[in-house]
Amino acid sequence: MLHSLAVAAIQLVLAPVYDGLERKVRAAIHTRIGPPVLQTWYDIVKLFSKEVVVPVGGSWYALVAVLEMLTLVTASVLLVHVSSAGLNRAALFEASVFIVLTGIATTLAVVRAVSQSNVFSVLGGFREFSLMISAEPFLATSLLLLISGAEAPASKAIAALVLVIAAYVISGRVPYDIAEAEPELASGVNIELAGPLLGVATLSVVLKKFISATLTALALTSWSSLVGIASLAAAALLTPIIWIAHTVVGTLLGRSRVDLAVRFLYTTLFILSSMLLVSYGLGV
Amino acid sequence: MSSVNLARALRAIKRSVWVYHLNSGSCNACDIEILDALTPYFDVERFGIKLVGSPRHADLILFTGPVTRESLPKVVRAIRAMPRPRLILVLGSCGVSGGIWWDTYSTIGGFKKLEEVLRENGVEVDRVVYVPGCPVRPEAIIYGILLLLGVVEQKVKKVEVVASES
Ligand code: SF4
């Protein structure tokens, strides 16, 4: 228990720092100076010092935002357990609970967005939902197949590729930032949140990025036989590197049309998953 | 009654300023200069400045225009939607005083008049800085934000001179 709490605390401290690093790297690509590495922390501290504005809908709405963040923290800790087990059958239970929890967190975000009277919030909720149904089933299938012993090289490679793509999507970067797009779209699941509640939502956003980078690290280390501390150290080392790689991809990619991004993703993941199931069935 | 420690919040905002662009009926030249100030060329993110799409997320409103009668209720709603502390940077001659529209039938004549309407509606604003110009320059917008946050000193001060008989 104490160990899990320590892991959660470390992740909560690190995720905004990595996000600050992301902003610095993005600025470097733009040939700008960019904000300090601790900028995301400055933003969160500022949000927690601002006025508490309870959205139209009541205080249950605030509870949902906090619950969503706690669900993501738990999911992130479980992922560390999966990582320390070295991605094998011993971690099947933790991986299954992780998948359920990420689904619950997304559902909570959708519910609190669509229950608002603000149409832009409802729009963001539907976009979040469309991303959820086009990425999370594939994420679940590939992770479970990798864990339950897709030993044949072709199956393993395809499962790892599906996991890498699905993990990038849940990180919410361009072009899959359609649910909580940057200012020019003026819509999103967090549009009605203010002050400390927005601070909690910001923590959820960076935690999702952390989970995404850890999942990619798991996919990349699925060929190694590392377990325990060695496996954890590899994941801890790879996470910021993958985070920066995600940043570079996100900065270089342009934002595409909302429906096109989702349709392209769904088609790609559907084809890859079909290939995965066939290769798994054939044992190649 | 606000639930916020204003001094602590203003200290935190110094390092992280989220701005919301509010046009109350300007000719759009000031708005183009705002967009210019927010481009990578000026790199305002190095001061922690970020553009947001909702007044709920904003710490500071970049306010332009002489406040047309049509936009007045929406402007009041947008400013009320901001969590405190509410900071406003009034931009351009129109925003500052109504500019060339100061006495036309369809505008109320700039932010000074709007302040009265806000007071009547119980909407408190914590800090205001005026940046004149027609249109206002991007450098002046950035300087105005830093002035509002207390990062730089005000260069020009109002001095009242009383002429004596002798
Ligand atoms: S101050 Fe000048 S440029 Fe700005 S909105 Fe008014 S008329 Fe246009």
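Helices and strands here are DSSP runs, at least four residues long for a helix and at least two for a strand, numbered from the N terminus. With that in hand, here are the views of this predicted model.

Figure 1. Walk along the sequence and the pattern reads α-β-α-β-β-α-β-α-α-β-α. The radius of gyration of chain B is 16 Å, close to the 15 Å that the globule rule gives for 166 residues, so chain B is as compact as a globular protein of that length. Along the principal axes, its C-alpha atoms fill a box of roughly 50 × 45 × 40 Å. Of the 166 residues in chain B, 49% are buried. Take the contacts in chain B between residues at least 6 apart in sequence, and 78% of them join residues at least 24 apart.

**Figure 2. Chain A has 9 helices and 0 strands.** From the N terminus on, that gives a plain α-α-α-α-α-α-α-α-α run. For its 284 residues the globule rule gives 19 Å, and the radius of gyration of chain A is 19 Å too, so this chain is as compact as a globular protein of that length. The box filled by the C-alpha atoms of chain A is roughly 55 × 45 × 40 Å, again taken along the principal axes. Buried residues account for 55% of the 284 in chain A. Among chain A contacts between residues at least 6 apart in sequence, 81% join residues at least 24 apart.

**Figure 3. The ligand sits in a shell of chain B residues.** Surrounding the ligand are Ser26(B), Cys27(B), Ala29(B), Cys30(B), Gly92(B), Ser93(B), Cys94(B), Gly133(B), Cys134(B) and Pro135(B). Two elements of chain B give two or more residues each to this shell: helix H2 (29–37) and helix H4 (92–97). The largest share, 3 residues, comes from H4(B). Sorted by class, the shell has 6 nonpolar and 4 polar residues, and no charged ones.

Figure 4. Pro135(B) is found in the loop between strand E5 (127–131) and helix H6 (138–149) of chain B.

**Figure 5. Ring pairs link Tyr18(A), Phe210(A) and Trp243(A) into a cluster.** The structure holds 8 aromatic pairs over all chains. In one of them, the rings of Tyr18(A) and Trp243(A) have centres 5.4 Å apart and planes at 65 degrees, so this pair is edge-to-face. Tyr18(A) comes from helix H1 (residues 2–29) of chain A and Trp243(A) from helix H8 (residues 228–252) of chain A, so the pair ties together parts 225 residues apart in sequence. Tyr18(A) and Trp243(A) are both buried. Trp243(A) also pairs with Phe210(A): their ring centres are 6.3 Å apart and their planes at 70 degrees, so this pair is edge-to-face as well. Phe210(A) lies in helix H7 (residues 195–220) of chain A and Trp243(A) in H8, so here the tied parts are 33 residues apart in sequence. Like Trp243(A), Phe210(A) is buried.

**Figure 6. Lysines from both chains sit over the ring of Trp18(B).** Lys46(A) lies over the face of Trp18(B), at 4.1 Å from the ring centre. Lys50(B) places its charged end over the ring of Trp18(B) too, 4.4 Å from the centre.

**Figure 7. Positive phi at Thr31(A) and Asp43(B).** Thr31(A) isn't a glycine, yet its phi is positive, near 50 degrees. Thr31(A) lies in the loop between H1 and helix H2 (39–49) of chain A. With a relative accessible area of 73%, Thr31(A) is exposed. Asp43(B), not a glycine either, has a positive phi of about 50 degrees. You'll find Asp43(B) in the loop between H2 and strand E2 (49–51) of chain B. At 5% relative accessibility, Asp43(B) counts as buried.

Definitions and conventions. Residues are numbered from 1 along each chain as its sequence is written. Chains are lettered from A and ligands numbered from 1 in the order in which they are written. This is a predicted model: local features need pLDDT of at least 70, side-chain atom pairs count only at pLDDT 80 or more; totals for chains, interfaces and linings use all residues. Side-chain values use heavy atoms; hydrogens and water are left out. A residue is near a molecule or strand if one of its heavy atoms lies within 4 Å of it. Ala, Val, Leu, Ile, Met, Phe, Trp, Tyr, Cys and Pro count as nonpolar, Asp, Glu, Lys and Arg as charged, and the others, Gly among them, as polar. Rings of Phe, Tyr and Trp (its six-membered ring) pair if their centres lie within 6.5 Å; planes under 30 degrees apart count as stacked, over 60 as edge-to-face and the rest as tilted. Buried means under 20% relative accessible area, exposed over 50%, partly exposed in between (1.4 Å probe, protein chains only). A charge sits over a ring if NZ of Lys or CZ of Arg is within 6 Å of the ring centre and within 35 degrees of the ring normal. The radius of gyration is taken over C-alpha atoms; the globule rule is 2.2 Å times the number of residues to the power 0.38. Contact means heavy atoms within 4.5 Å.
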